[in-house]
Amino acid sequence: MTTLSVKRLLGRILRLIVRDSQKQEAIKQWVRRVRSSLGMRKQSWFDNGYLHLPEVQIKPQGTIHSAVLRAIAVSPQYVFALEQLDPPISAPIVNEADDRRLTFCCNICGATNTDVALNLVSDREAPSCKECGSSLRVRSVIDALTSEIFGESLPLSSAPLSKSIRGVGMSDWEGYAKPLARIFSYHNSFYHQEPRLDITNVPESEFEKYDFLISSDVMEHVPNDVDKAFAYMAKMLKPGGFLVLTVPYKPDGDHEEFYPDLHEYRLISTAGKTFLYNRTSEGVEQIYDNLVFHGGDGFTLFMRMFSEAGLIKILENSGFDGGIKIYRDDDPRYGIVWPISWCLTIVARKAQHAGSNPG
Ligand SMILES: [Zn+2]
């Protein structure tokens, strides 16, 4: 019997899939099975060179393997379904993560979760706290936030009242927005409802006001000039303040903008399908179909795929001159166990004094 970790399994898939048209067909079938096993709506979701999974739309750069890699970056749980590949990659494959279990304290609601499948705990988006429904991503946000403020990772239930610390969230998850508002001078903000914040057009009255900002899986949806949004986030922070950032990102390569020439655009729904209509600044009309939306209110079209190097560059160029830290370490005490080494939580700090260097 072969036992494979996610990483080794992924490596094996990549070696097998590269420039192999038969394997491309196998991947299509695999994706179909994953989709049907999850009870997802049947549609054409592998065509025009795009791999469509519920969370991701990626144009492969030449090879299917990079698409799969990036799909897994966003939805790592899909790697577990690869044993269903036809023909199978290796039979039987037992993922060593499958049978491990974990007891952890939720750092958001404080509940003890006993004997939970590690597969579930280490799914970036799955609700794995039985009490509040927190996911790995939101626990990781709180891990980074409390570590930066208190010098150690703390559950919100034991964080000291710190009303002198001002923070703002962008469409933050209600489950942690409430306790944050109790502990800090914090408020949540929204693009489509009060209190409003359009991160591509922030009034000067909001500049240098906050000790921390939270932007969790928002920046992949900001239309147009995302550089501007990052620059505004830096401007909103006091000197020495920091941003807690999560976005889906891939470990290598360049940032990919799916709709690079957006100018005058709108969504059009017709015959049960939604299209993106755009007129570029040169007056060229464009229509995009096969759009991928993430859940939630407002404009949740998945606009771009970041990369690690691209994110660091954009942060450095946007005024985050006080150092960038990727939270790579697991903290199983609080249910933070990453099956992958990308799509992690990033903290970007503004220097204490204008123009001073990190450190
Ligand atoms: Zn919880």
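A residue counts as buried when its relative accessible area is under 20%. Phe-242 has a relative accessibility of 4%, so Phe-242 counts as buried. The model described here is predicted.

The zinc site comes next. Four cysteines supply the protein donors of the zinc ion: Cys-106, Cys-109, Cys-129 and Cys-132. Each donates through its SG atom, and the donors lie 2.3 Å from the ion. The angles among the four donor atoms run from 102 to 114°. The site is tetrahedral. For four tetrahedral donors the ideal angle is 109.5 degrees. Along the chain, the donors follow the spacing C-x2-C-x19-C-x2-C. Distant parts of the chain are linked here, as Cys-109 and Cys-129 are 20 residues apart. Cys-109 lies in the loop between β6 (101-105) and β7 (112-117). Cys-129 lies in the loop between α4 (118-121) and α5 (136-150). Cys-129 is buried, with a relative accessible area of 4%. Cys-109, at 30% relative accessibility, counts as partly exposed.

Aromatic rings were examined next. Seven aromatic pairs are found in a search of the whole structure. One of them joins Phe-207 and Tyr-232. Phe-207 lies in the loop between β9 (184-189) and β10 (210-216), while Tyr-232 belongs to helix α7 (residues 226-236). The pair therefore ties together parts that are 25 residues apart in sequence. Phe-207 has 25% relative accessibility and counts as partly exposed. Tyr-232, at 17%, counts as buried.

A further pair is formed by Phe-212 and Phe-242. The centre-to-centre distance is 6.3 Å, and the angle between the planes is 25°. The pair is stacked, since that angle falls under 30 degrees. Phe-212 sits in strand β10 and Phe-242 in strand β11 (residues 237-246). The two are 30 residues apart, so the pair links distant parts of the chain. Phe-212 is buried, with a relative accessible area of 0%. Both rings also belong to a cluster. Ring pairs link Phe-150, Phe-184, Tyr-186, Phe-212 and Phe-242 in this cluster.

Charged side chains lie over two tyrosine rings. Lys-235 lies over the face of Tyr-232, 5.6 Å from the ring centre. Over the ring of Tyr-327 sits the charged end of Lys-325, at 4.2 Å from the centre.

Asn-278 is found in strand β15 (residues 273-279). At 0% relative accessibility, Asn-278 counts as buried. The side chain of Asn-278 reaches the backbone oxygen of Asp-261 at 2.9 Å. Neighbours within four places in sequence aside, Asn-278 is in contact with Asp-261, Leu-262, His-263, Glu-264 and Tyr-265, and with Val-284, Glu-285 and Gln-286.

Key. Residues numbered from 1 in each chain as written. Predicted model: local features only at pLDDT ≥ 70, side-chain atom pairs only at ≥ 80, totals over all residues. Heavy atoms only, no water. Phe/Tyr/Trp six-rings, centres within 6.5 Å; stacked < 30°, edge-to-face > 60°. Helix = DSSP H or I, 4+ residues; strand = E, 2+ residues; numbered from the N terminus. Buried < 20%, exposed > 50% of the residue type's maximum accessible area, 1.4 Å probe, protein only. Lys NZ or Arg CZ within 6 Å of the ring centre and 35° of its normal. Polar contact = N/O pair within 3.5 Å; in protein donor to acceptor, adjacent residues only side chain to side chain. Contact = heavy atoms within 4.5 Å. Donors = N, O, S within 2.8 Å, 3.2 Å for Na, K, Ca; no water. Tetrahedral: all angles 85-135°; square planar, octahedral: opposite > 155°, others 65-115°.
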